[in-house]
Amino acid sequence: MTCLPGRSERTLGLVIDLDTCVGCQACVTACKGWNDQGYGVPLSDQNPYGSTPSGTFLNRVHSYQVQPADAAPMIVNFPRSCLHCTDAPCVTVCPTGASYKRVEDGIVLVNEDACIGCGLCAWACPYGAREMDADAGVMKKCTLCVDRIYNENLPEEDREPACVRTCPTGARHFGDLADPQSAVSQLVAARGGYDLMPEQGTRPVNKYLAPRKKDRPDKASLLAPLLDIQATGFAGWLDRVLGKI
Amino acid sequence: MNQPRLNTSPHVSDEVRKTTCYMCACRCGINVHLNSGKVTYIEGNRDHPINKGVLCAKGAAGIMQVTAPSRLRTPLRRVGPRGSGAFEPISWDEALQTAVDWMRPLRETAPEKLAFFTGRDQSQSFTGWWAQAFGTPNYAAHGGFCSVNMAAAGIYTLGGAFWEFGAPDWERSKLFVLFGVAEDHDSNPIKIGIGQMKDRGARVIGVNPIRTGYNAVADDWIGITPGTDGLLILSLIHCLLEAGKVDLEYLARFTNAAYLINEAAGPEKGLFVRNAEAQPFVIDRRTGMPAPWEAKGVQPDLGAVWQGHRTVFQHMAERYLSPDYAPEAVAARCGVTALRIRQLAAELASVAFDQAIEIKQPWVDFRGDAHDTMIGRPVSFHAMRGISAHSNGFQTARALHLLQILLGAVETPGSWRMKPPYPKPMEAHPTPHFVTVPGKPLSGPHLGYVRGPDQLALLPDGSPARIDKAFSWENPFSAHGLMHMVIPNAHAGDPYRIDTLFLYMANMAWNSSMNTAQVMEMLTAQEPDGSYTIPRIIYSDAYASEMVAYADLILPDTTYLERHDCISMLDRPVSEPDAAGDAIRWPVVEPDRDVRGFQSVLLDLGARLGLPGMVNDDGTAKFKDYADYIVNHIRRPGVGPLMGFRGSGDGEGRGAANPDQMARYIENGGFYQAHVPAEAAFFKPWNSAYQDWAVQVGLFDTPQPYLFNIWSEPMRRFQLAAEGHGAVQPPDHLRNRLKLAMDPLPVWYEPFGDAAEPFGFTVHALTQRPMDMYHSWGGQNAWLRQIRGHNPLFVPAKLWQQHGFSEGDWARVTSPTGQITVPVVQMAALNENTVWTWNAIGKRKGAWALSEGATEAKQGFLLNHLISELLPAKGDGMRYSNSDPVTGQAAWFDLRVRIERAEPPQMGESLPAFGAVPRVVPEGSKR
């Protein structure tokens, strides 16, 4: 049993806009690429060229079909990674203290040296956000690119998670959700950002922005014909339209 | 809390090398991180004009492509029967000598017997130059089976095309409408742009039978019936004209709407009325008299009638005001309600005219008339393969361009803008060159834009000069050739037999061919004497694709991180509307195998063959390698492959070759940009400041202002020929088709594939490219194949219920020419009569170093088996290519099928199943 910090100084997390996520998977491979050579052991792949390839990914994008009652059917693309919960059940369940939530920024991390690969944390996470690396036998999860966001070897503008830096539609945002003045907090306020599965009581830090209402009939009133073309013929129409020059 | 201490500033990489991605055709800038000489991470280059730092799923997974086990290792020569996979490794010297021994006699006797076709080639200005020097007329890249309708319709109408050659004004546009766009050109800019637009609260409307990707985030979705986009667009035009909501000022000043159409019966009917200097002219509203179209102060009269000849505007308006184009008349056919069509027309008009924008930027047009401001119509469009891969795709793309023009929504603020070297009038493009002289180069480039029947590529007996029958009566405007017809025609000896088929980066034995199974047979077909019908096949690829097994000689290419390349202004550059841009690739890592960049190999072959431009006077090779060519080749005086850092280093567009140029590009992040001045940023075809700038940076040698072609005179010339006028006459069996397809005003006709409907083929079948794969390359990638390793057939709810499908079921899908049995998945957000699947996921067993049990090879499938390169026989003794009759674009999306529930095949394998293709590299194990 590991304790959660009472309160972190900052609460870093992601805001993911489902209104603009086109499901392109860019965040998935940028994450895989960075973390394969970043924090902890590499993200291994088993049978990468075989019949059942499977590897460790810290971020995956799923597509769901949605049938609104009053609009055409839709596809919603849904990126899924660790939500860095305030009440993170994966931390409290950890028997060795390997899983912990950082005091200074609230990032949930796994200390791989202390991880025994028991998998309890993955079982406890209601979001399926942790993956056991099959080669290394340690638990892997989103680090919020803790090795990028403070990294003085990177240009300042690059000190953000790899998934945020690469997202082509700008659907992923990173910042301090404890600061009501931060851009991410403002975005959450403006767009009604919501918690994923709040009934689980995990108090996720990451927020999702719902797709805006689609298939609205447009507001422009229908075009009125210039005149009754059947009655006036083409010449009448031509006179009328050119009279406008 | 006992929190571990972390080093939050770990070492990232020893070095970052900036080059250009090649995981698709988007050509983003990438930062390649290296540690101890190995690639460790790839991210987007923030300074790069295309991707501005972002990168797609393919780009970041490029690290897996550079180490892919499918990489070819060494040149190979076939030693067993073709297709058996029996090869022996040979040296480069032996490989090159073999190729020269095959090619030299052809050049000296019959150059057309070498057919050189390149696939996803990003060096077409170079490969075309090589083929021109060799002297064969048989050269093209893959545009004919990709999206030539979009390119050709754009050039003939606007002097520029969608593709990646233009872009919505992302910053200012208020309404963006996409027709038939999946993950097409150009991918990251569209994603960035849609994100920006939605962030600003601008509206995005998707017109597409399938609601995924961009269409999934569109604010409004029109799930149109495939092949009817043109009809929908012409109905929108009907509504706009009926209400008088068109930009008359724009039409009069910047288009040929005020030209007069000859009404006199005879060989000139339907051509422009011309003056004594053979120039079309307009009637000046100020005087009621003829005036030169380009005269200062002229006010072209759209309503003029002169000696009985009426303007283009009147012909156009009369046609589309017809009740045939009323929404109520087209609704059922398009699968879109009349109200919905009227709403869309109203929305377009409202944004274009009621929400017009104005930029306070004075400018002077080509007539010398000064304008105080730039008025903008903030409606933008983009369209790609969904509308162009139909047999009515050229005319549909033209219809869309007409809609843009009527709204004043091309090259105005907020609308759709062209990227240098476009705008470029059709007249500034070459015509096709095809006349062969043994031992000599062709007199000019192969591909071009024909103005009339006398420029067709025909031999004196009227038969096609090219193996793909490009620029023939069957498809007069085939500006990109017809790669999909090369193997069938070479096999049939129609129009003639060839000797050596030389292919680069084109997977013609699998996903890039229609009728795949038969193409494989054609590649191995033998004559009665045991010789191969296609005698010799040379193939260059970096990977063990399905095509490799069918070659006699394999020239292994490098991966994109191991080579020089040039993304050139002479070809397909990386320009933006506000800047001309070009770029390079350079070897950020050295190959660890005995492989060579294909372009360097081609130069070596050219030198060994003594091709003009590739040898010095003493017969030695002129260029050491492709990098040497990129820097030192001079295409026209002062103009070479790269525009930046010319001369002593400060030459932009023009200047002598600069030996430091490559180093300067590398230092600059791998690209160069020449910025368009602010007063030249819009109205480019007519803007004097732009025209002068274009001359200054070497895009043109003289200003090239022009008018948009609402009425296409080249098309009318073909109609006239079909009506019996002129010396060059089409064969009789093509006359009616030419009269229909070569209409000088945009027209909609039923896609040819619809002829199958009365025989029970009531369902449309499409493919889409996923955002995380680029045709067959993606499926070998260790990361990408974990994201999308199989491709079910998606079936709409109505058909799902009708056929009693349930989860895990299989379907038998039958077209007029083929049958497949494949797994199905239900999908609601889909046109109710359309099924579809992801493109090119399916692999042949044994290819790409994948296991034979790979899902791509077992459940994965291609729709290609259902699509023939020929239309079903009509009983007139003729066979017609399954292509657009204007351009020859492969009509992939005309496909009609019927679908039924099927028992799962034995072994759970999609049908047809093929035996394993012999391996030329071992199966991959670890990454």
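**Helices 15 and 16, chain B**

I started with helix 15 (residues 483-492) and helix 16 (residues 516-524) of chain B, which pack at about 45 degrees with their axes 10 Å apart. That makes helix 15 of chain B oblique to helix 16 of chain B. My notes on terms: helices are DSSP runs of H or I with at least four residues, strands are E runs of at least two, and both are numbered from the N terminus. Axes are lines fitted to C-alpha atoms, for helices over the stretch in contact, and angles run from 0 to 180 degrees between N-to-C directions. Under 35 degrees counts as roughly parallel, over 145 as roughly antiparallel, 65 to 115 as roughly perpendicular, and the rest as oblique.

Who makes the contact? I found B:Ile487, B:Pro488 and B:His491 on helix 15 of chain B, and B:Val519, B:Met522 and B:Leu523 on helix 16 of chain B. I count residues as in contact if their C-beta atoms, placed from the backbone, lie within 7 Å. By class, this contact has five nonpolar, one polar and no charged residues. Here Ala, Val, Leu, Ile, Met, Phe, Trp, Tyr, Cys and Pro are nonpolar, Asp, Glu, Lys and Arg charged, and the others, Gly among them, polar.

**What kind of model**

I'm working with a predicted model, where local features need pLDDT of at least 70 and side-chain atom pairs pLDDT 80 or more, while totals for chains, interfaces and linings use all residues. Residues are numbered from 1 along each chain as its sequence is written, with chains lettered from A and ligands numbered from 1 in the order written.

**Chain A against chain B**

I see 69 residues of chain A in contact with 78 residues of chain B. Among the elements giving two or more residues to the chain A side are helix 1 (26-36), strand 5 (74-81) and helix 7 (229-242). That side has 37 nonpolar, 20 polar and twelve charged residues.

**Three-stranded sheet, chain B**

Next I checked an open, antiparallel sheet in the order 1-2-3. Strand 1 (15-20) and strand 3 (38-44) of chain B are at the edges with a single partner strand each, so one side of each has no neighbour in the sheet. Six bridges join strand 2 (residues 29-35) to strand 3 of chain B; pairing takes at least two DSSP bridges. B:Leu34 has B:Val39 as its bridge partner.

**Strand 24, chain B**

Is strand 24 (residues 536-541) of chain B buried or exposed? Six of its six residues are buried, so I'd call this strand largely enclosed by the rest of the structure. Buried means 20 or more other C-beta atoms within 10 Å of a residue's own, exposed 12 or fewer, partly exposed in between, with C-beta atoms placed from the backbone. Five bridges join strand 23 (residues 500-504) of chain B to strand 24 of chain B in parallel, and B:Thr500 stands opposite B:Arg536.

Conventions:
Two residues are in contact if their C-beta atoms, placed from the backbone, lie within 7 Å.
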